[in-house]
Amino acid sequence: MTPSPSSPRVLVVTPEVTCVQYQTGSGVKCISARAGGLGDICATQIHALCKTGLDVHLALPNYRNVFKCNAKRMPDIDTAGAKRVIPEHRIHLAQDRSFYYHPKMFTRTDRDNLRISMAFQREVIHRIIPEVQPDLIHCYDWMTGLIPAMARRYDIPCVFSLYRLNSATLLLSAIEERGIDVASFWQHCYYQRMPVNYHETRDNNPLDLLLSGVFSADMTTTMSRTYQRTLMDEENSVGSPQLKSVLINKWKFGGLRTIESIPDPSFDPNTDPALMRTYGPANHHPGKLFNKLQLQESFNLPMDTTVPLCLWPTRLDSHRFGCELMMQTLPDILARYRPQRLQIVFVADGDMQKKLRSLIIKLGAMDRVAVCDFDAGRYRLAFGGADFVLMPLRRDPCALPCKIGLRYGTLPIAYDACAIHDCVAHLNTEANTGNGFTFKFFDAEGLRWAMDQALAFYSRPISFRSSQVRRIMTDSLRALDIGSMAQPFRHLYQRVIDKHSMSHRASSDRMESQPIAA
């Protein structure tokens, strides 16, 4: 192996990304395939690394229909104020009809997504990697789980980032039917039971995509220290026993790291063009009032600056416990806070959205609760106009909406666990500490208690509230340097490449020192 390059070529492989602009012969184009927070994280990382001069390439499925739809809903909002255009030759769209006509993004491990995953990975393995010739591959999520195993077989350093805990299992024979030559790297994958040999395993021992990615990567990363500890805690129910075992082994041998996710610097209320009126810590109160009126008007809610307004910013998926908790508790919350005329807006896609709309109509709460699909402009405006961010999620891997909310002076109401624990502390106005309202028991009573605390804070005099919000915003906006965001990744990449190179040289030396059999 040649010595590690000073500026390595990195291939980021992800099933989703939010708003990446690239230069073409006719101008600038934008691609966006966002299912949730993972797309935001990947886009921020790519832009940060490119800005520091790193040779970053992106591999993504060519979701033609999704690109067209999202282009209409994301008009230059996510790249405002920053020229972050990537050369066209660094964008590599996987080609297959299984995702050309896909109507929208999903996060479940159903048959459609499994088919997309196989087609995507086939393109990356057999076409994109040979074209790019990367020095390192960085994979995200279960839909890329085969690539670290392939990279290990062909001696390419690889990082795998753990986000969702969803996974899928399938047989080697099914993978081969999708056109992937898995026989060359099958021994680097993770199976339901210990394999004997390839032929015994091929039709009888399912492979786990998520665990294969974690198991075979040179380095696995998480986005929160508490989330990582929770996944490794054998007493905690978050994560499967198999995942816990693999992560513990990775940690013992130095193959597990945490790199905290950071919101895109364009999420800044001082400059955000999606806001009706921009503001900073010193003038946040009048700024948020103007944005609240604009938000209420856009959702056809009664326009009243005195009412408390909450934002739900994450996907409404039926497999997420927090969404179910919110649905169960919503009728009681609306009745409990009727005197305060509480309003809630949901800016989120997901399979529970239809059920939520039906519940709102049943409750006759159309003048207090509003729902819309994810839209970049409304999403940002909602942070600027809302008073609180609702995040009652049981196992959030990165807490990105909480971090964005703190920048905008929109305080989180959240379950104190996983990544949320790392960035949100319960507000203590007497000690002048904390930045949100957390609850420790994941049930309706716990959520109601946190809501009570938040609404009690909102009822305090404006001068009292403003001093706390000013402090919280100032602390959150302090670090907005996109260059500093890239450094942890650059250091990690170089470390993995150097370690991989040393291991390869040591292995070569051992092989050379062995006597040749006659």
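The dialogue below sets computed values against their definitions.

Tutor: This is a predicted model, in which local features need pLDDT of at least 70, side-chain atom pairs count only at pLDDT 80 or more, and totals for chains, interfaces and linings use all residues. Residues are numbered from 1 along each chain as its sequence is written, and side-chain values use heavy atoms, with hydrogens and water left out.

Student: How many helices and strands does the protein have, and what makes a segment one or the other?

Tutor: The protein has 19 helices and 18 strands. Both are DSSP runs numbered from the N terminus: a helix is a run of H or I with at least four residues, a strand a run of E with at least two.

Student: Why is N435 called buried?

Tutor: Buried means under 20% relative accessible area, exposed over 50%, and partly exposed in between, with a 1.4 Å probe and protein chains only. N435 has 14% relative accessibility, so it counts as buried. Across the protein, 58% of the 518 residues count as buried.

Student: Where does N435 lie, and which residues is it in contact with?

Tutor: N435 belongs to the loop between α16 (418-423) and β18 (437-439). Contact means heavy atoms within 4.5 Å. Leaving aside neighbours within four places in sequence, the contacts of N435 include L406, L411, P412, C423 and I472.

Student: Is H89 buried or exposed, and how do you know?

Tutor: H89 is at 54% relative accessibility and therefore counts as exposed. H89 sits in the loop between β5 (85-87) and β6 (91-94). Its C-alpha is 9.5 Å from that of V132, although 43 residues separate H89 and V132 in sequence.

Student: Why is α8 called roughly parallel to α10?

Tutor: The axes of α8 (residues 209-216) and α10 (residues 241-252) come within 10 Å and cross at roughly 10 degrees. Axes are lines fitted to C-alpha atoms, for helices over the stretch in contact, and angles run from 0 to 180 degrees between N-to-C directions. Angles under 35 degrees count as roughly parallel, over 145 as roughly antiparallel, 65 to 115 as roughly perpendicular and the rest as oblique. The crossing angle therefore makes α8 roughly parallel to α10. The contact involves L211, V214 and F215 of α8, with Q242, L243, V246, L247 and K250 of α10.

Student: How do the residues of the contact of α8 with α10 divide?

Tutor: They divide into six nonpolar, one polar and one charged. Ala, Val, Leu, Ile, Met, Phe, Trp, Tyr, Cys and Pro count as nonpolar, Asp, Glu, Lys and Arg as charged, and the others, Gly among them, as polar.

Student: What makes β6 and β12 edge strands?

Tutor: Seven strands form an open sheet in the order β6-β4-β1-β7-β8-β11-β12, with parallel pairing. At its edges are β6 and β12 (256-258), each of which pairs on one side only. The twist averages 20 degrees from one strand to the next.

Student: How do you know that β4 pairs with β1 and with β6?

Tutor: Two strands pair if DSSP finds at least two bridges between them. Five bridges join β1 (residues 9-13) to β4, and β4 and β6 share four. V10 has V56 of β4 as its bridge partner, while L60 is partnered by L93 in β6.

Student: Why is β4 described as mostly covered?

Tutor: In β4 (residues 55-61), seven of the seven residues are buried. D55, H57, A59 and P61 point one way, and V56, L58 and L60 the other way.

Student: Which strands form the edges of the six-stranded sheet?

Tutor: That open sheet has the order β15-β14-β13-β16-β17-β18, with parallel pairing. Its edges are β15 (369-372) and β18, since each pairs on one side only. Four bridges join β14 (residues 343-347) to β15, and I344 stands opposite V369 in β15.
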